[in-house]
Amino acid sequence: MNLKAMDILKKYTMVFALVLVTIFFYWQTGGKILLPQNVNNLISQNAYVFVLSAGMLLCILTGGNIDLAVGSVVCFVGGIGAVMMDKNLNVWFAVAVMIIGGLLVGAWQGFWIAYIKVPPFIATLAGMYAFRGLANVVLQGYAVGIRNETFLKVFGGGENCYVPDFLGGSSLNMTCMVVGIIVVVAYLAMVIVNRIDARSKGYSVTPLFQELVKFVVISAVILWIFYKLANYKGIPAALVWIAVVLLAYAYITTRTTMGRYLYAVGGNEKATRLSGVDPRKVYFFAYVNMGLMAGLAGILVAARQVGAQPTFGQGYEMDAIAACFIGGASAYGGEGNVFGMVIGAVLMGVINMGMSIMGIDANYQKVVKGIVVLVAIIFDVLSNKKKK
Amino acid sequence: MGKILLEMKNITKTFPGVKALDNVNLQVEEGEIHALVGENGAGKSTLMNVLSGIYPYGSYEGDIIYDGEVCEFHKITDSEKKGIVIIHQELALVPQMSIGENMFLGNERGKKNAINWNETYGEADKYLKMVGLSESSRVLIKDIGTGKQQLVEIAKALAKNARLLILDEPTSSLNETDSKALLDLMLEFKKQGMTMIIISHKLNEVVYVADKITVVRDGSTVETIDCHTTEVSEPRIIKGMVGREFTDRFPKRSGVEIGEVNMEVENWTVYHPVYAERKVVDNVNMNVKKGEVVGIYGLMGAGRTELAMSIFGKSYGTGIKGTLKINGKPTVLKNPREAINAKLAYVTEDRKGNGLILSNPIRVNTTLANMKAVCDRGIIDTDKEYQVSVEYKDKLKTKTPSVEQNVGNLSGGNQQKVLLAKWMFTDPDILILDEPTRGIDVGAKYEIYCIINDLVAAGKSVVMISSELPEVIGMSDRIYIMNEGKFVGEMKASEATQENIMACILQSGRGE
């Protein structure tokens with residue numbers, strides 16, 4: 001029993017760390033950190049982290065490879081979009097160009113990394129300089145505002161960046177609550193179907209008690225978040241995008257052949273090659289996908305900031321990398337998952353917000369963030385050592 | 001009866017959940033070569049780790065009595081001070097550094113912040129001479145072969161004033177000639193009064209050098225055989241290791257009909273991928289028929305693996321020339337994927353490096369080379385994948401609690417079975433097995449041989465590359481002999497003996 005409790009603790013270390021950190025800030029800020037507005041901001045402000053981390057996770061899985069250029073690409077793509085909309089071009093045309101721009105950047109970097117074998121660190125460092133420069137060229141050194149209402153509404157910017165309340169609650173946003181309940185019911189249905197399916201085929205199932213605890217905890221967290229959001233202005237548009245991206249990537253990493261190959265290449269490239277899988281295609285996919293996510297993040301950031309300016313996205317690459325590593329991705333590749341990455345991203349977000357509310361100097365905030373990353377990795381290394 | 005140099009008394013060592021050593025007793029006389037044999041996981045290496053202080057005093061029960069006194073070793077340097085030096089199976093040398101630097105790594109000559117290079121290289125040269133190496137100690141490790149690297153390890157041990165030398169599988173990565181040289185060196189040291197413990201899987205070597213043989217099974221010492229008073233033979237030792245009579249090391253294959261030629265290789269030449277002027281495989285011609293096991297025997301470095309990998313979708317070498325015919329049709333295989341589609345499978349000799357993803361479960365490893373069989377448009381059917389991996393686990397009798405177990409946690413024999421399962425799942429007609437039984441114990445070997453027999457009984461062709469002569473003779477229908485990139489002989493297994501195969505290799509060497 002004791003051993004089992006230890007195992008659970010180990011598996012969900014970062015979840016417990018997140019809970020502890022949240023309790024700490026709740027105490028220090030007099031509960032301010034869990035006000036509806038702040039829960040809402042935590043999601044909207046960090047939308048780019050979730051999206052970029054999803055792309056970064058795939059790169060890291062292939063062998064600890066990172067993409068340093070994403071911050072610059074976010075700025076580059078955001079800049080292109082802002083300028084196009086400033087010239088009154090069609091909004092969907094602009095969005096398409098931004099997405100394709102991200103993909104092309106990914107293909108450019110992926111080509112050098114996968115086919116010419118330029119080390120990812122170098123190839124993307126080059127990209128970091130080059131695309132920052134190009135972003136400046138596009139923006140001609142100025143901030144460009146976005147006034148297109150459709151764009152702002154769809155991608156979660158400006159004042160009205162919420163899913164409209166169809167059901168018309170008075171103080172509570174009813175749509176938000178209903179969606180929260182639907183999510184929980186869908187989750188419950190999935191768990192039940194999965195259990196029945198496994199039982200009928202004679203596979204081992206997790207003990208009912210464990211499953212129940214897990215379900216109750218997760219459902220409670222989901223309902224609590226939606227309740228908080230309903231108390232504010234409802235579902236932020238950014239949350240819709242985050243949810244779509246995270247669900248898609250959870251699926252890609254666990255259920256598709258490409259997902260499997262990402263882990264395989266990171267685990268043993270030579271064995272994967274001799275199994276008839278071309279590792280070059282896998283690397284290329286990871287970086288093209290990273291470009292796509294950088295493009296989407298560029299869109300979300302431009303919408304949130306209602307414009308683009310030459311200094312956008314500085315350090316974003318580090319936020320994404322940190323989220324993945326805090327979330328348990330291996331720096332050597334082959335290990336990591338979307339759930340862990342989400343916890344990592346939320347943990348960083350909570351620490352950022354908590355310190356801001358407490359009024360801690362921005363410079364010290366960076367120091368704390370650095371220490372958190374280091375501690376997370378030290379813990380990971382030590383717990384892995386004990387296993388052996 | 002000479003003086004007892006080392007006595008290990010009632011040693012018990014437990015790991016969480018496992019008793020690795022159970023009341024082990026070992027006596028080593030001064031000036032003898034004492035062999036430890038046993039199946040993988042029997043506890044030989046654990047015992048030596050206890051002795052050398054890798055598992056510190058207090059983490060085990062029992063006494064170590066060395067040179068008449070009870071010893072408490074807390075770390076390796078404690079035992080080294082007493083002259084107990086262990087040479088591990090994996091070479092622990094830094095390739096980019098010179099022989100001399102390696103030899104005194106952690107034990108540098110001169111003052112603490114001023115290394116005396118003259119003394120380093122001078123001393124190093126002295127020890128190199130003792131092990132019969134003519135290289136200068138300034139040569140880099142990466143520029144000498146594995147055989148010589150093993151000798152450097154021994155010289156390094158001598159530099160520590162070794163009195164009791166422990167060699168863990170010293171010949172596992174050496175070819176026959178280098179192995180022989182190493183064993184002779186051990187006999188030479190014995191004459192000079194050195195005491196040695198050797199752990200080895202290769203029983204012929206054990207019989208060749210050992211004065212006494214202690215058999216370890218399931219964490220206990222079963223018996224100690226004195227080679228001077230009793231007649232020792234390999235079957236006699238195997239009997240002790242597995243606990244039963246092992247009359248047939250190779251299962252009989254009966255009633256398998258040998259059919260038409262399935263794969264044919266003509267004038268196959270391969271050049272080295274880096275040194276493009278060097279021929280690694282030189283004008284090889286071979287064929288394999290349906291239902292046939294063809295053995296390729298050759299010493300390490302003969303070009304066997306290179307030949308196999310170049311056939312398997314050009315996964316090795318440059319400037320590959322020659323014709324490959326499958327079912328009589330000339331075929332060009334540009335990459336492993338095309339080779340797999342042409343019903344070819346290559347089971348690598350290096351299962352950890354080239355074969356398996358150790359950090360992934362059995363299920364994932366089993367399907368990796370044939371994902372499309374468990375997929376629908378890029379989406380994995382997890383049910384099917386699970387069923388397939390369980391099916392192969394049962395078929396090959398892989399010992400594991402579940403197919404969700406990470407392959408890295410399995411023993412060598414079970415890893416080999418997972419690797420075989422992976423390739424059998426691609427449904428090949430022709431399997432090239434490269435050293436299929438390397439580093440696995442006697443019982444698992446027998447099971448692998450049975451799997452090979454089942455494969456040919458199902459009409460498949462097997463090409464088995466091996467550097468173990470008895471295995472090649474025992475398992476093959478026909479044998480090709482390879483030396484220095486060329487095929488130097490071909491014979492029926494019924495006509496082959498260890499002597500005429502070795503003669504074949506020697507003659508080809510002289511002909512040059």
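**Figure 1. Asp67(B) in a loop of chain B.** Asp67(B) is partly exposed, because 15 other C-beta atoms lie within 10 Å. A residue counts as buried if 20 or more other C-beta atoms lie within 10 Å of its own, as exposed if 12 or fewer do, and as partly exposed in between, with C-beta atoms placed from the backbone. Asp67(B) sits in the loop between strand E4 (61–66) and strand E5 (69–71) of chain B. Helices (H or I, at least four residues) and strands (E, at least two) are DSSP runs, numbered from the N terminus. Although Asp67(B) is not a glycine, it has a positive phi of about 55°. The structure is a predicted model, in which local features need pLDDT of at least 70 and side-chain atom pairs count only at pLDDT 80 or more, while totals for chains, interfaces and linings use all residues. Residues are numbered from 1 along each chain as its sequence is written, and chains are lettered from A and ligands numbered from 1 in the order in which they are written.

**Figure 2. Glu169(B) in another loop of chain B.** The loop that holds Glu169(B) runs between strand E9 (164–168) and helix H6 (176–191) of chain B. Glu169(B) has a positive phi of about 50° and is not a glycine. Glu169(B) counts as partly exposed because it has 19 C-beta neighbours inside 10 Å.

**Figure 3. Glu490(B) in strand E24 of chain B.** Strand E24 spans residues 486–492 of chain B and includes Glu490(B). With 13 other C-beta atoms within 10 Å, Glu490(B) is partly exposed. When neighbours within four places in sequence are left aside, Glu490(B) is in contact with Arg478(B) and Tyr480(B); two residues are in contact if their C-beta atoms, placed from the backbone, lie within 7 Å. The C-alpha atoms of Glu490(B) and Ile296(B) are separated by 9.2 Å, while the two residues are 194 residues apart along the chain.

**Figure 4. Lys445(B) in helix H15 of chain B.** Is Lys445(B) buried or exposed? Lys445(B) counts as buried because it has 20 C-beta neighbours inside 10 Å. Not counting residues up to four places away in sequence, Lys445(B) touches Thr437(B) and Ile440(B). Lys445(B) and Gly413(B) are 32 residues apart in sequence, and their C-alpha atoms are 7.6 Å apart in space.

**Figure 5. Domain 2 and domain 3 of chain B.** Chain B is divided into domain 1 (4–242), domain 2 (248–343 + 428–512) and domain 3 (353–426), with bounds that come from an automatic or database domain assignment. The C-alpha centres of domain 2 and domain 3 of chain B lie 25 Å apart. Their contact takes 11 residues from domain 2 of chain B and nine residues from domain 3 of chain B. Helix H15 (residues 442–457) of chain B supplies the largest share of the domain 2 side, four residues. By class, this side of domain 2 has eight nonpolar, one polar and two charged residues. Here Ala, Val, Leu, Ile, Met, Phe, Trp, Tyr, Cys and Pro count as nonpolar, Asp, Glu, Lys and Arg as charged, and the others, Gly among them, as polar.

**Figure 6. Domain 1 and domain 2 of chain A.** Domain 1 of chain A covers 18–161 + 237–387, and domain 2 covers 163–235. Taken over C-alpha atoms, the centres of the two domains are separated by 26 Å. Seven residues of domain 1 of chain A are in contact with eight residues of domain 2 of chain A. On the domain 1 side, helix H3 (36–45) and helix H11 (237–255) of chain A are the elements that give two or more residues. H3(A) gives the most to this side, with four residues.

**Figure 7. Helices H4 and H14 of chain A.** Helix H4 (residues 47–61) and helix H14 (residues 279–304) of chain A pack at an angle of about 175°, with their axes 8 Å apart. Axes are lines fitted to C-alpha atoms, for helices over the stretch in contact, and angles run from 0 to 180 degrees between N-to-C directions. H4(A) and H14(A) are therefore roughly antiparallel to each other. Angles under 35 degrees count as roughly parallel, over 145 as roughly antiparallel, 65 to 115 as roughly perpendicular and the rest as oblique. The residues of the contact of H4(A) with H14(A) divide into 17 nonpolar, two polar and no charged.

**Figure 8. Helix H15 of chain A.** Helix H15 (residues 316–326) of chain A is mostly covered, as 10 of its 11 residues are buried. The buried residues of H15(A) include Tyr316(A), Phe325(A) and Ile326(A). Just after H15(A), Gly328(A) takes a positive phi of about 95°.
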